[in-house]
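Dear colleague,

Please find below the structure that I am handing over to you. My notes on it come after the sequence and coordinates.

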Amino acid sequence: MVGELSKPHLSGPHLNEPRSGRPILRVLGVKKAFGAAQALRGADLEVLPGEIHALVGENGAGKSTLMAILGGNLRPDSGDIAFRGEDWTPAGPAEARNRGVSLVHQELALVPHLNVESNVTLGNEKARFGFARSQADRVRAALEELGYADLDPGARVGSLGMAERQIVEIARALFHDAKLILMDEPTSSLPARDVERLFAALGRLKARGIAIVYISHFLDEVARVADRISVLRDGATVAAGLPADTPTPDILQAMVGRPVAEIFPPRQGNLGGTVLEARGWVSRPGAAPADLSLRKGQILGLAGLVGSGRSALLRSLYGLRRPVAGSLAIGGEAELARGWTLERARASGIGFLSEDRKDEGLALGLSIRANSTLGELRRFANAAGLLRLDAEAAAVETMRTDLAMRSQGIEQPVGELSGGNQQKVALGRLLLGDATVWLLDEPTRGVDVGAKAEIYRLIAAEAAQGKAVIWAGSYLPELFGICDSLAVLHRGKLSPIRPISAWSEATVMAWAAQGVHA
């Protein structure tokens, strides 16, 4: 028994919620296999009208597979699904949408060169005399209902921010008269202020009686927004209950199948000498000159709102972006910014983890092995320059085990893995390299809580062995939990670096929003 959570009996007393009426969705014993891999081995789920039902679990637990089945992208091997009181299994996405089920993917399925109206009405266009008829009024009404009356239906989607694109996806669901909206990690790329606007929009949908299945790795969000919670582990529903009555450690234990004593590991605090020092560093046009130093064994957090320049700073230090001015010293004499290149950064012992793993961080068509050793093949070559495949395979297999990666083996293509396991491959490449300075841009994006705890432990262990780390992120509890010190960016202006104990969430947000200390 895990806290107040229990194996769900779909008519049990723990389902007595303020919401009432017949379930709009009931899933019983759904199974789905991909070859020898059993993605779902007994998934149960019940959702009431006007309910926000959170679905949580580790990466690879089967959440996305279940959503793909409900959205019509996959067919189940067995099990029962009832929607709006009738047995039903969608034959495809169009049938699911016409029936009233809309799936909002984590990687948004929008056409960037089309405008908002065209994206919202896609698949439901109206024509007269062979010409498309404008439905801007209906689109505008859907946007207004979501609290985005200022979003122009004629705006090109490619010019919108991530939060507005998310709203366009939800507006499409409203336009198609969705009765059930499936949302996969809707806040993973949103800053705090846009998360609040999204929650307000979800509240409006709930008031209309629209049911929402909400997948998230942020358990604090789940506690705020969900009426009920179901936990998937290894493809089966293992627990269900009320998030407000269930401590986070109990939810974590249900997710991972074991107690999770501490999310963040204790920090040693034994820092060595300075290994990286930037003076007057200007990472992009318009940014203020920044002074930054990093010590051996230090984990330095880099906070800031979207667009503040976090990624630009890391990319310029790694040589992916040409810095404008300044100097940089890494264990030796300073070099001017204008001569700093990717080759010089790598030769100086700098490693980088991109926030965009799909388009930049990984080669999705290649195997786990190939992605993990890409750029590090010299380590596995003999004196004649021939690759020692057995040594390479052994090192990658050890890395896969250390990161608790869910896969069929090191030869599996990375594109077949869940998002969180893809992120582990990207991080594993750093583990296999010899870089002494790690630049990490949102290293736990799209990773479940159990896997985050493993990543925190690994990064802390690497720092204890002398690695120096800059951790750029937007999730403040994470930065406060893992970092020794912190700096904040506001429109390209970097705050002084201070010990983590000298900051609070209020002072971080004051600098992030205004460029001044509270």
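Predicted model: local features only at pLDDT ≥ 70, side-chain atom pairs only at ≥ 80, totals over all residues.

Two or more lining residues come from each of strand 2 (37-47), helix 1 (63-70), helix 11 (357-361) and helix 14 (419-432). Helix 1 contributes the most, with five residues. Sorted by class, the lining has 21 polar, eleven charged and nine nonpolar residues.

Helix 1 is largely enclosed by the rest of the structure, because seven of its eight residues are buried. The buried residues are K63, T65, L66, M67, A68, I69 and L70. After helix 1 comes G72, which has a positive phi, near 90°. In strand 2 one finds D44, which counts as buried because its relative accessible area is 12%, under the 20% cut-off. A polar atom of the D44 side chain lies 2.7 Å from the backbone nitrogen of G29.

Elsewhere, four strands make up an open antiparallel sheet in the order 14-13-16-17. Strand 14 (290-295) and strand 17 (335-336) are its edges, each pairing on one side only. Strand 16 (residues 325-329) and strand 17 run antiparallel and are joined by two bridges. S327 has L336 in strand 17 as its bridge partner.

- R140 and D137 meet through their side chains at 3.3 Å, N to O. Both belong to helix 4 (residues 136-145) and sit three residues apart, about one turn of the helix. R140 is partly exposed at 32% relative accessibility, whereas D137 is exposed at 61%.
- R172 and E169 form a salt bridge at 3.8 Å, N to O. They are separated by about one helical turn, because they lie three residues apart in helix 5 (residues 162-175). Both R172 and E169 are buried.
- E411 and R369 meet at 2.7 Å, N to O. This pair links distant parts of the chain, 42 residues apart: E411 is in the loop between helix 13 (389-402) and helix 14, and R369 is in helix 12 (residues 368-373). E411 is partly exposed at 47% relative accessibility, while R369 is buried at 17%. Salt bridges with shared partners join R369, E392 and E411 into one network.

With kind regards

Conventions:
Residues numbered from 1 in each chain as written. Heavy atoms only, no water. Nonpolar A, V, L, I, M, F, W, Y, C, P; charged D, E, K, R; others polar. Buried < 20%, exposed > 50% of the residue type's maximum accessible area, 1.4 Å probe, protein only. Polar contact = N/O pair within 3.5 Å; in protein donor to acceptor, adjacent residues only side chain to side chain. Pairing = 2+ DSSP bridges. Salt bridge = Lys/Arg side-chain N within 4 Å of Asp/Glu carboxyl O.
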